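Here is a friendly walk through one protein model. Please have a look at the sequence and the fold before reading on.

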Amino acid sequence: MGTIDPRTVMWTTACEMIDRAERLHRQFFQPVTAPVHDLCWEPPIDITETDSEVLITVALPGVDSGAVKVTVDTDRVSVEGFRGPSAMPRGSLVHRLEIPYGKFERQITFPAARLQLGQSEFANGCLVLKLSKQPFMERRIDV
C-alpha cells in the first residue's frame, strides 16, 4: 500500500469545500423573482395598551418624518415610507450593513377595536402614535 501525499488530500478537500460553498450559495441566494419596487422591510414596533388608548412606537432610525405615511382604519394601523441608504464615501470598504433601507411597511391589526389617531410624534428615531379607543356601539337590527 502506497503513501498518500498530503498535498493531494489538501487539494481534494479544498475542491470539495468550494463545491459545497457554491451549492449553498445557489441554494440561499436565488435571483429575486419579485420586482425590486415591491420589496420592503418591516420596522420593529412596541405596542402598549390601556383601557382608553393604544400606544405604538415604531423604530425608524434615519427616516425623515416627511417620508412616513400613517393610515388609521377602524381596526388597523398602517405605517409606510422610505429610508434611503446611508452615505458611504467613495472607495470605502463595507464591513457590515445591517440597518435596512428602501421601502418599508408595517400593518398592525386590532380585532374588535375602533381606533382614532390622537397624537403622533417623531423623536429620537422613533415614530410614536397615540390612538384612542372609541366605544364600539352595537347595532341591533330588528326583523
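The report below goes from the overall chain to its sheets, salt bridges and surface.

## About the model

This is a predicted model, in which local features need pLDDT of at least 70 and side-chain atom pairs count only at pLDDT 80 or more, while totals for chains, interfaces and linings use all residues. Residues are numbered from 1 along each chain as its sequence is written, and side-chain values use heavy atoms, with hydrogens and water left out.

## The chain as a whole

The protein chain has 1 helix and 7 strands, arranged from the N terminus as α-β-β-β-β-β-β-β. Helices (H or I, at least four residues) and strands (E, at least two) are DSSP runs, numbered from the N terminus.

Of the 143 residues in the protein chain, 15% are buried. Here buried means under 20% relative accessible area, exposed means over 50%, and partly exposed lies in between (1.4 Å probe, protein chains only). The accessible surface of the chain is about 11,800 Å², and carbon and sulfur atoms hold 55% of that surface; areas come from the Shrake-Rupley method with a 1.4 Å probe, and for residues only the protein chains shown count as cover. Among contacts with a separation of 6 or more, 56% join residues 24 or more positions apart, where contact means heavy atoms within 4.5 Å.

Between β1 and β2 (residues 53-59), the antiparallel pairing covers 5 bridges. Ile47 stands opposite Ile56 in β2.

## The sheet of three strands

Another open sheet is built from 3 strands in the order β3-β4-β5, with antiparallel pairing. Here β3 (68-72) and β5 are the edge strands, and each pairs on one side only.

β4 and β5 pair over 8 bridges in the antiparallel sense, and Phe82 has Lys103 in β5 as its bridge partner. Ser78 lies in β4 and is buried, with a relative accessible area of 9%. Leaving aside neighbours within four places in sequence, Ser78 is in contact with Lys69, Val70, Thr71, Glu105, Arg106 and Gln107.

## Salt bridges

The whole structure holds 4 salt bridges, each being a side-chain nitrogen of Lys or Arg within 4 Å of a carboxyl oxygen of Asp or Glu. One of them joins Glu49 and Lys133, with the closest N and O atoms 2.4 Å apart. Glu49 belongs to β1 and Lys133 to β7 (residues 126-133), so this pair ties together parts that are 84 residues apart in sequence. Glu49 is exposed at 54% relative accessibility, whereas Lys133 is partly exposed at 26%.

Lys103 and Glu105 also meet through their side chains, at 3.5 Å from N to O. Lys103 is partly exposed, with a relative accessible area of 30%, and Glu105 is partly exposed at 22%.

## A nonpolar patch

Met88, Val94 and Leu97 make a nonpolar surface patch of about 290 Å². Patches are made of residues with over 30% relative accessible area and no salt bridge, joining like charges within 9 Å and nonpolar side chains (Val, Leu, Ile, Met, Phe, Trp, Tyr) within 5 Å. Val94 sits in the loop between β4 (76-83) and β5 (102-109) and counts as partly exposed at 42% relative accessibility.

Definitions and conventions:
Pairing = 2+ DSSP bridges.
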